[in-house]
Protein chains: 2
Amino acid sequence: MTTAPTAPTAAHASLAELAARLDAEDTLAPLRDRFLLPPDVVYLDGNSLGPLPAAVPPVLTDVVARQWGTDLITSWNDNGWWQAPLRVGDTIGALIGAAAGQTVAGDSTTVQLFTALDAAAALRPDRTLLVTDPDHFPTDRYAADAVAARRGLDVRRVPPADLPRFLRAEGDRVAVVSYSPVDFRTGELYDMRALTRAAHRAGALVLWDLCHAAGALPVEVDALDVDLAVGCGYKFLSGGPGAPAYLYVARRHHAALRTPLPGWNGHADPFGLRRDYEPAPGIARARIGTPPILSLLALEAALTAYDGVDLAEVRAKSLSLTGFFLRCADELLTPAGFTPVTPADPDRRGSQVSLRHPHARALTRALADRGVIADMRAPDLLRFGVNALYTTHQELLTAAQRLHDIAAGSAYDPAPRTSGPVT
Amino acid sequence: MTTAPTAPTAAHASLAELAARLDAEDTLAPLRDRFLLPPDVVYLDGNSLGPLPAAVPPVLTDVVARQWGTDLITSWNDNGWWQAPLRVGDTIGALIGAAAGQTVAGDSTTVQLFTALDAAAALRPDRTLLVTDPDHFPTDRYAADAVAARRGLDVRRVPPADLPRFLRAEGDRVAVVSYSPVDFRTGELYDMRALTRAAHRAGALVLWDLCHAAGALPVEVDALDVDLAVGCGYKFLSGGPGAPAYLYVARRHHAALRTPLPGWNGHADPFGLRRDYEPAPGIARARIGTPPILSLLALEAALTAYDGVDLAEVRAKSLSLTGFFLRCADELLTPAGFTPVTPADPDRRGSQVSLRHPHARALTRALADRGVIADMRAPDLLRFGVNALYTTHQELLTAAQRLHDIAAGSAYDPAPRTSGPVT
């Protein structure tokens, strides 16, 4: 399967000049050196699995060879393993606008979502509804269904745009609203502030799934009075495959917080090995069991890629990148049969661009064969994630041009093949 | 704090000869090279955190640099990340007597215990009691209390010795019995076969916590008709700090199995991103969220230390080691105020020896200062874990002799200091 290169068009030449100028003006460009990106690959799938930060390998070598290999069990105290969930939690907290002492890292996103939803429902025991996005990521949906079934609640699936109206009508029965600020398929960004306020006016708690927001744009959980938030460590935070997730619970809820999975790590006196569970003070009560230290400390090392980085600048560059890619799409891809579905309005755009095409799966494969890694979501969406810490405008033009060439030349096999597992 | 070395006693000389002979005859001795043990340290805490297997660092370097760094998202398929929970599960399954397709690895021990207990209770919906060991490890206790509270069950705490009688009297109300074959404090080994049969005669399901058994002695979950089992990866299996735990569910329960935390990894069509949860066939339905791949693949590498190893030989050597240490204790430590609490009967002994002493904490500290790493359990137990894959009889004599010297010379500070976090 080969494609004859298309001769550069006028559009491409103009876009190339623009890309070069934007990259030259990019003050965040030096951050790319904080990642070990493979040569000759345009990686636009960091919203699924972030690439390897340069800080990770030496830290992991130290964790394995010295901390585990030599210091052995003493590392729980002497190398700070015991405190790692709270320490990493605080580091992530700083990226989502959470003051220290409200965020804990460890366990998978699914476990954290279940914990957060169940704990939130328990904080509103007299209410009967759990409201969530009909297009929420599947595991968010399954967790909501599981918690509702267990607690005798009803789940209502309300699109974000309809949520304020729904809450005005039925809000007094709503225990928790659970949404993501960024739609994982389309990249649409919702108004966290307005939706949080609408939930609070109804007396409900709000749980945000920040998987596609944290590290990609400024999130202000404290300033917005968010109640709970959950997110994964392996997308924009680049913490590695299956990196532990995190749970934020606003301090005002800590005293009443009861989690569904009480484990000895969250006990008030964990080394007392007490017979009855007594939750630790503060967010430490949201710890569960012994966390996967190698993965957790890899995540901690990865987060140093954000050292000294201003998330407002990250957001500005991310919008420049997605805006530029939308322009590339307009000029190169719309004529070739692609339909952008990500909002053109920057205020309604996360850090990805999604394009609709009936052969999305085959095109994503063909693109990967040409060194551009994006991903697809069934049935017909191609997703292009940008990360302001390492993505360049030039890379996006390369991606658009190659995709154009593939589609224009029909140099791909539209027969569906089994796709890879992605989140 | 120094201790004048005690002149070798006649007892020591005889014990030294015995240790030398037993080590010389040890056919498993070459396995020690499969571990990177620090020099000049006697490590008897592998029942809390196993030491670093030599296979782990090169594998982890490959996982990080090549699989994550270069192959990126394609590793989910092309480097087998997606299948890792089932593949590692099967590898552990082989160590606990489980045929393939019944064991899954991932998530913490606490999450797996909660999952197993809740799922087991759901399989016996008409029964009202959950029976567990009054001296069970705390997180087992908390999980039992949490599941019982959630499902409206009562928890009964019955010592293993009393369990058959209890089951004869009240067994028809018992949904699940949850025990560990090895008491984590005393090292006492219970009769898994007899207790499993007693539970089954009552129509109850049995859940075994294998944390202190798997890898240390032959366990035959299939042959004993065990219903569910859970265990951690970081003790005898030496999978690294916080290594993922595993869950075994006998195949006969798979079709009816419903787990409390349905996540997208356990869906019948995980990449279809379906709206409603439909459990995958088989043990895959016990998968939850995306597992911590770095920790999981480190565990997988660690398990190669068991390649070609006969667990019957492991058990025989383990009993030789603990038997020898009990003899050292009799000759060197009982006179110095220590009381062995681990059964002398080999059939009732796991792979550790526990000694009682009122200054257990300070003595453990002083021993660590002299290069012997054991641990303690409040208030007064010193624990010495042996692992037949690397422990020698000579090391145990060294430990006993140093402990004797410390206690006899009172060369330690009996004031309590805060101890390290251990499991």
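This is a predicted model: local features need pLDDT of at least 70, side-chain atom pairs count only at pLDDT 80 or more; totals for chains, interfaces and linings use all residues.
**Close-up 1. S238(B) counts as buried, with 30 C-beta neighbours inside 10 Å.** S238(B) sits in the loop between β7 (228–231) and β8 of chain B. Its phi is positive, about 55°, even though S238(B) is not a glycine.

**Close-up 2. L72(A) is another non-glycine residue with a positive phi, near 50°.** Look for L72(A) in the loop between α2 and α3 of chain A. Is L72(A) buried or exposed? It is buried, since 22 other C-beta atoms lie within 10 Å and the cut-off for buried is 20 or more.

**Close-up 3. A cis peptide bond links A378(A) to P379(A), with omega about 0°.** P379(A) belongs to the loop between β12 and β13 of chain A. Chain B has a cis bond too, joining A378(B) and P379(B), again with omega about 0°. There, P379(B) is in the loop between β12 (375–377) and β13 (381–385).

Close-up 4. The loop in question runs between β8 (246–249) and α9 (293–303) of chain B. A255(B) and R285(B) are 30 residues apart in sequence, and their C-alpha atoms are 9.5 Å apart in space.

**Close-up 5. Helices α1 (10–24) and α12 (393–408) of chain B cross at roughly 155°, with their axes coming within 8 Å.** That angle makes α1(B) roughly antiparallel to α12(B). On the α1(B) side, the contact uses H12(B), L15(B), A16(B), A19(B), A20(B), L22(B) and D23(B). Facing them from α12(B) are H393(B), Q394(B), L397(B) and Q401(B). Sorted by class, the contact has 6 nonpolar, 4 polar and 1 charged residues.

**Close-up 6. In chain A, helix α12 (393–409) is mostly covered, with 12 of its 17 residues buried.** Among the buried ones are H393(A), E395(A), L397(A), R402(A) and H404(A). The cover includes α1 (10–24), β1 (42–43), α10 (311–333), α11 (360–369), β11 (372–373) and β13 (381–385) of chain A. As a quick geometry check, 17 residues at 1.5 Å a residue should span 24 Å, and the end C-alpha atoms of α12(A) are 24 Å apart, so the two agree.

**Close-up 7. Helix α9(A) is largely enclosed by the rest of the structure, because 11 of its 11 residues are buried.** The buried residues include I293(A), S295(A), E300(A) and L303(A). What covers them includes α2, α4 (84–95) and β2 (103–105) of chain A, together with α9 of chain B. Which residue of chain A comes closest to the rotation axis? It is S295(A), whose C-alpha is 2.8 Å away from that axis.

**Close-up 8. The contact between the chains takes 72 residues from chain A and 72 residues from chain B.** Elements giving two or more residues to the chain A side are α2 (56–68), α3 (75–78), α5 (109–123), α6 (138–151), α9 (293–303) and β12 (375–377). Of these, α6(A) gives the most, with 7 residues. The chain A side divides into 43 nonpolar, 20 polar and 9 charged residues. A 180° rotation with 0.0 Å of shift along its axis superposes chain A on chain B, at an RMSD of 0.0 Å. That is the relation of a two-fold axis. The same surface serves both copies, and 100% of the contact residues of chain A recur in chain B.

Methods: Residues are numbered from 1 along each chain as its sequence is written. Chains are lettered from A and ligands numbered from 1 in the order in which they are written. Two residues are in contact if their C-beta atoms, placed from the backbone, lie within 7 Å. Helices (H or I, at least four residues) and strands (E, at least two) are DSSP runs, numbered from the N terminus. Ala, Val, Leu, Ile, Met, Phe, Trp, Tyr, Cys and Pro count as nonpolar, Asp, Glu, Lys and Arg as charged, and the others, Gly among them, as polar. Axes are lines fitted to C-alpha atoms, for helices over the stretch in contact, and angles run from 0 to 180 degrees between N-to-C directions. Angles under 35 degrees count as roughly parallel, over 145 as roughly antiparallel, 65 to 115 as roughly perpendicular and the rest as oblique. The expected span of a helix is 1.5 Å times one less than its number of residues. Copies are superposed by least squares on the C-alpha atoms of residues with pLDDT of at least 70 in both.
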